[in-house]
Amino acid sequence: MPVFEIQGPDGKTYEIDAPDENAAVGALGQMVEPGAPRPGGQPQHFEFDPANVPGGIPGYNRQTGVIEGDDALSKVRTASGGVLEGIPVVGPLIRGGVDRAAAATLAQFSDKDYDEVLQTIQSGTEAEKSMNPKLDTAAQVTGAVVGTVPMIAAAPSAFGVTQATRLGKIGGATLGGGGLGGADAFVRSGGDLEKTRDGALWGGGLGAAGTYVAPLVGKGVKKVADALLTGRLAKATGVDKQAFNLLAKGMERDGLDAATVHARLQELGPDGMVLDLGPNLKHQAAALAAMPGEGQQIVRGAIGARDAAANRRIIDEVNSQLGPAPVPRRVSADIEVNQGHLSPRYREVFQNASPVDTRPIAQYLDREIQTLRGEAQRGLSTVRRMLNRVGTEELETNPVTLLETRKAIDGMLETVQETNARNALTTARQAVDDQLRASVPGIKEVDAQYAELARQNTAVQRGQTVLANGREAPRPVELADEFRQGALPQGEQIGPSAVPVRLREGARAEIERIIGTNANDRVALQRLIKGEGDWNRDRLATLFGDDRADRIIRLLDNERSFADTSSIVTRNSESLARREAINDLTGQTGGDFGVVDSFKAGGVGGATRATAVKGVEKVVEALQGVKTEAARKQMAETLTSNNAEVVDALLKAAKGSNLDPSQIDRVSRALLLTTVGGVGR
């Protein structure tokens with residue numbers, strides 16, 4: 001569209017968009033009104049189109065004198081203005097400031113004075129409020145609450161929220177509410193003292209009432225929100241609402257959270273159940289297991305099946321981690337057979353042997369025999385006679401005879417106890433061994449093979465003691481040293497030793513023995529293999545590695561946990577907790593099985609247990625609502641499952657809604673302060 005430059009009656013030139021010049025002149029005539037300048041040199045006034053008014057300022061039509069706009073826009077203006085106006089104390093000032101700013105802006109484009117425009121805007125506002133009275137009231141209450149809550153949060157003691165005593169709470173709330181109500185009434189009434197007094201009285205009274213009402217409202221709203229959340233989650237999981245709520249409470253009382261629960265279920269493996277997660281859940285399962293019906297069958301059936309498979313689980317996992325168990329006697333027998341296979345080697349090396357000269361050995365022994373006494377003297381005398389030819393006093397020169405003498409000394413060392421005797425025999429053996437080395441080439445290589453087999457045999461026996469608790473069992477650091485040293489070759493041996501392998505075999509055989517003799521007592525099994533401290537775990541880690549040791553310990557811990565659960569749920573332990581849970585489930589009440597009755601039934605131990613139980617809070621609560629067979633069945637199915645989705649839903653219900661009762665408390669106090677006669681009104 002072309003642009004025409006037209007000179008107006010005021011002498012100024014205007015650019016007008018129009019189809020032709022005549023239309024441009026007509027448009028300028030409609031826009032410009034000749035008139036006298038305003039005082040102070042203000043410019044001429046022009047008609048304005050509401051559509052061209054700056055954004056955020058209500059449209060104003062000077063012909064009709066009302067604010068234009070559809071019903072939706074009117075509601076928006078009423079709501080937004082009401083929220084501003086409802087803010088305590090400063091709300092009227094803010095609302096008035098907005099109106100005055102709009103009037104000052106519109107007066108620049110109107111032929112009316114600022115006061116006339118302001119009056120028109122205020123009249124339009126009142127008209128819109130009269131057309132939307134409920135919306136205006138709700139908006140002002142909202143503004144009052146939104147403005148009051150931050151004040152309470154910023155200065156809680158001033159409104160009696162954090163005072164230590166009841167009297168302090170009431171006094172603080174009265175003073176805070178009265179001060180706020182009085183200040184707000186003063187501003188809204190334009191300084192009217194009577195209305196200011198009334199506002200202070202209303203604010204103080206409602207503030208004091210809030211110290212009683214607000215906490216109850218907070219708890220009530222929280223409870224309703226939690227109930228709604230529980231109902232929604234129960235419906236999603238297909239579990240009866242009351243049963244679901246009790247399960248969630250059980251998790252809450254057991255102090256469970258998502259991280260703990262999922263880690264525990266993963267640790268327990270596929271055989272873990274929800275009822276394994278805490279004592280309250282176990283007691284709920286125990287109550288169901290004691291009541292006839294499908295719920296009882298489900299709980300007892302699941303626990304019984306898991307118990308029946310315990311031996312197979314243990315054996316399979318141990319075999320998987322440590323391999324099949326050897327029989328120590330068979331291992332030793334095989335080692336002895338291999339030692340026997342060395343006899344031809346000994347015969348071969350002796351074919352090239354030279355006669356032995358045992359005179360130095362005999363002279364040494366003769367000197368020692370003269371000075372030693374007791375068992376040491378008797379031992380060396382026996383060795384000295386072995387050096388002679390049988391029936392003579394001549395020394396034997398046959399190297400085979402000297403080999404047999406060494407064997408005899410080894411046999412004596414196995415039985416001797418006295419320290420001096422052992423030292424003397426050891427020295428004598430070393431002298432014999434040195435002479436054999438000099439006279440029989442190659443004998444030490446065969447000796448090394450024989451000694452390696454002997455070390456292996458000893459390691460098998462040693463391995464069977466590493467998990468013991470007595471003095472014969474090595475400390476973890478000692479076993480680690482033995483394990484490392486055992487792998488090193490000794491003497492003329494070439495290559496690593498098999499001693500570590502034999503230590504493992506001995507320990508594996510002992511684990512198998514413990515399992516075989518304690519398979520039906522998982523508590524004892526865990527105690528014997530794991531031990532009371534960390535020593536057995538460290539020993540297993542030395543022999544089999546950290547990962548395998550941890551898996552074995554975890555297996556035993558899990559099985560003990562399963563055994564404990566079975567004891568609580570299906571046997572006679574925890575009888576009082578079970579009885580109370582049954583009463584809650586059925587909604588019935590019966591006479592307490594008191595301390596005297598407990599003494600009659602179980603003696604001093606029974607009386608002690610009854611006294612202890614009566615001194616603690618009940619762990620099973622409010623089960624009387626679960627009266628239907630279907631609900632108990634669903635509860636039993638949930639307790640005996642490990643469904644992650646159901647567990648997550650229970651955890652959410654146990655945690656409750658995200659509503660904070662303290663925040664609701666503040667909102668409740670703010671609502672009370674904004675009722676009839678209160679602040680923001």
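Glutamate 396 is buried, because its relative accessible area is 17% (buried means under 20%, exposed over 50%, and partly exposed in between, using a 1.4 Å probe and protein chains only). Its partner in a salt bridge is arginine 389, with the closest N and O atoms 3.9 Å apart; such a bridge is a side-chain nitrogen of Lys or Arg within 4 Å of a carboxyl oxygen of Asp or Glu. Arginine 389 counts as partly exposed, at 33% relative accessibility.

Before going on, please note that this is a predicted model, where local features need pLDDT of at least 70 and side-chain atom pairs count only at pLDDT 80 or more, while totals for chains, interfaces and linings use all residues. Residues are numbered from 1 along each chain as its sequence is written, and side-chain values use heavy atoms, leaving out hydrogens and water.

Across the whole structure, a search finds 29 salt bridges. One of them joins aspartate 276 to arginine 306, at 2.7 Å from N to O. Both aspartate 276 and arginine 306 are buried.

Another salt bridge brings together lysine 530 and aspartate 557, at 3.1 Å from N to O. This pair links distant parts of the chain, 27 residues apart: lysine 530 is in helix α22 (residues 522-530) and aspartate 557 in helix α24. Helices here are DSSP runs of H or I with at least four residues, numbered from the N terminus. Lysine 530 is partly exposed at 23% relative accessibility, as is aspartate 557 at 27%.

Notes: Helix = DSSP H or I, 4+ residues; strand = E, 2+ residues; numbered from the N terminus.
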